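Please go through the model below with the report that follows. It starts with helix packing and then moves out to the chains.

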Amino acid sequence: MTVPTAPAPTASRDDQRVTQARVIRSEWTKLRTLPSSAWSLVVAAVLIVGIGALYAGVRVTRPPQDPAAIASFDPTAISLSGISLAQLAIGVLGALLITGEYATGTIRTSFAAVPARLPVLWGKAIGYALAVLALCVPASFAAFLVGQSILSSGDLDTTLGQPGVARAVLGAALYLAAVGLLGLGLGALLRGTAAAVGALFGLLFAPQILVGFLPSTWSDQLYGYLPAPAGIAVTNVRQDPVALAPWTGFGVFCLYTAILLALAAWRMRHRDT
Amino acid sequence: MIEARGLTKRYGAKLAVDDLSFTVRPGVVTGFLGPNGAGKSTTMRMILGLDAPTRGSVTVNGKPYRQHPAPLREVGALLDARSVHPGRSAHHHLLAIAQTCGIGRSRVDEVIDAVGLREVARRRAGGFSLGMGQRLGIAVALLGDPHTVILDEPVNGLDTEGIRWMRSLLRDLAAEGRTVFVSSHLMSEMALTAEHLIVIGRGRLIADTGMREFIAGAARDDVRVRSTDQDALAALLRPRAAEVSPDRDGALTVSGLTTDQVGRAAAAAGITLLELTARQASLEEAFIDMTSDAVEFRAPTTAPAKG
């Protein structure tokens, strides 16, 4: 058997430089060629539409009765209620994208090919965020339309033209992409799947419970700044009085995600594999 | 060309690699030998910039690996055959690596053919045997048509045909002027492929020498002799030889004398020789001889002898 030494015609010998664009392409290939990842994303999209439709159907049979309930009734949020489950699938998959490489040893192959390392993290972040958006923007609009058509049978529906509605529907997809990056950041920082998934669930759920133990004057002040309530604010049309403004809240959530990714990048750059 | 200078790696209290300096030259297969835990894999990871040295440095073609803009063009490496996600196909695994530096699909197909994985390239790598995983790892190493090839235990899990293939592959790569650096614990295999040896034990350099010199330098050159009167022969040789000891089958092993000297001495004393053989140490014996002080995990010597 002979060893082919001629390089492929598409890349000349001198043009085998590693660039960020090439690494993004490589990470995109990794994402789309793992059947389990593709299925997780499809499941997330199905959850967004399915749970929204289910909950809309429930609310039609149990419409708001008293004036307070009517005032706070948010038909957009009802049709988007699937994101609370989809965020788990997307966040866990984000973590797995990198912890899976540490678990299988593929990370060494990745870092041998890209010795600067950080392009791998950014490539995963960009590829995954785009994949989540490509899937969740349509899913979110589909969930909204399906949900509203169900709610319309009880005259409870709203339209995209109402103030804040289009922002909330788009915001749901943006929030999910940010949760995906949060999972990726935790996975890169902690390296182990169990630790990363535990930390992800902890970050999304535990702070609200802990703040509940504080006196209400403090908890009301703090609540809006907690990761999940801050991020989810962008998906609500009727704002919770203790929540931050939609884009402010999303900005705070993105800040948390950015801090985690920065810590992960620092650790990835400086630690042995 | 790989150049290590004072390379040192400490993990907590343990010195995994200790002030290691060596040069791996292009054009020959250089074997990297050492007992388990000697620091071979750690050294290879440091060459690839995966682990940072505690002290010292190592360069590939004049630069630390991390500073090469086209790393796969410089070094192709096989570190662990299992470094592939079990859910991904061999083809996609290679494609993702190729894309990091703009290597095209046709080259991916080329290396798949070169390692003989065409039939299974589209199947999940999780179902691969150890030998197939090893071939996939070799395909990864060849992908960038690199100047330097670093392979950690490449014949692990290969069948006889695979081992023969690996042997000729390594020789071909070296003949093309590449730097070929291969670790193995299979001494006999190394003796057949490597021309130069770097031997380490407990992270320290034990030898950096040609294969022939290494074997010749081992203290185990001796003579095996059988005669009609072994006791008389032993008594005759003992004052002259460095050591005379009986073998299990009744023959004598004599060190410090040549076959000529033993033959003449026996003839002068009127002892009839039945067998007289010069024995050169195998690489394995030479290796055990050189590293016996440096073996980290040794089995207890009181283990029952096999019948």
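Predicted model: local features only at pLDDT ≥ 70, side-chain atom pairs only at ≥ 80, totals over all residues.

Are α2(A) and α7(A) roughly parallel or roughly antiparallel to each other? The axes of α2(A) and α7(A), the latter covering residues 118–151 of chain A, cross at roughly 15°. Angles under 35 degrees count as roughly parallel, so α2(A) and α7(A) are roughly parallel to each other. The two axes come within 9 Å. The crossing of α2(A) past α7(A) is right-handed.

**The α2(A)–α7(A) contact**

From α2(A), the residues in this contact include Leu41(A), Ala45(A), Ile48(A), Val49(A), Gly52(A) and Ala53(A). Among those they meet in α7(A) are Leu135(A), Cys136(A), Ala139(A), Ser140(A) and Ala143(A). By class, the contact of α2(A) with α7(A) has 16 nonpolar residues, four polar and one charged.

Leu135(A) sits in helix α7 of chain A. Is Leu135(A) buried or exposed? A residue is buried if 20 or more other C-beta atoms lie within 10 Å of its own. Leu135(A) has 21 such neighbours, so Leu135(A) counts as buried. Apart from neighbours within four places in sequence, Leu135(A) is in contact with Leu41(A) and Ala45(A). Leu135(A) and Ala21(A) are 114 residues apart in sequence, and their C-alpha atoms are 22 Å apart in space.

α5(A) passes α7(A) in a right-handed crossing. On the α5(A) side the contact uses Ile90(A), Gly94(A), Leu97(A) and Ile98(A). On the α7(A) side it uses Lys124(A), Tyr128(A) and Val132(A). Five nonpolar residues, one polar and one charged make up the contact of α5(A) with α7(A).

**The nonpolar cores**

Which residues touch the most other members of the largest nonpolar core? They are Ile48(A), Tyr175(A), Leu176(A), Leu94(B), Ala139(B) and Leu143(B), in a core of 157 residues. Helix α8 of chain A, residues 165–190, gives the most to this core, with 17 residues. A second, separate core has ten residues, Leu233(B), Ala241(B), Val244(B) and Ala266(B) among them.

**Where the chains meet**

How many residues of chain A are in contact with chain B? The count is 38 residues of chain A against 45 residues of chain B. The elements of chain A that give two or more residues to this side are α1 (20–32), α2 (35–61), α5 (83–104) and α6 (106–113). The residues on the chain A side divide into 17 nonpolar, 13 polar and eight charged.

Chain A has twelve helices and zero strands. Chain B has eleven helices and 13 strands. The C-alpha trace of chain A spans about 80 × 40 × 30 Å along its principal axes. For chain B, the C-alpha atoms fill a box of roughly 80 × 45 × 40 Å, also taken along the principal axes.

| Chain | Residues | Buried residues |
|---|---|---|
| Chain A | 273 residues | 48% |
| Chain B | 307 residues | 46% |

In chain A, 78% of the contacts between residues at least 6 apart join residues at least 24 apart. In chain B, residues 24 or more positions apart account for 70% of the contacts with a separation of 6 or more.

**Two arginines with positive phi**

Arg117(A) is not a glycine, yet has a positive phi of about 70°. Arg117(A) lies in the loop between α6 and α7 of chain A. With 19 other C-beta atoms within 10 Å, Arg117(A) is partly exposed.

Arg191(A) has a positive phi too, near 70°. Its place is in the loop between α8 and α9 (193–211) of chain A. Arg191(A) has 21 C-beta neighbours inside 10 Å and so counts as buried.

Definitions and conventions. Residues numbered from 1 in each chain as written. Chains lettered and ligands numbered in written order. Contact = placed C-beta atoms within 7 Å. Helix = DSSP H or I, 4+ residues; strand = E, 2+ residues; numbered from the N terminus. Nonpolar A, V, L, I, M, F, W, Y, C, P; charged D, E, K, R; others polar. Core = buried A, V, L, I, M, F, W, Y, C linked by C-beta atoms within 7 Å. Buried ≥ 20, exposed ≤ 12 C-beta atoms within 10 Å, placed from the backbone. Axes fitted to C-alpha atoms, helices over the stretch in contact; angles between N-to-C directions. Parallel < 35°, antiparallel > 145°, perpendicular 65-115°, else oblique. Left-handed = near helix turned anticlockwise from the far one by under 90°.
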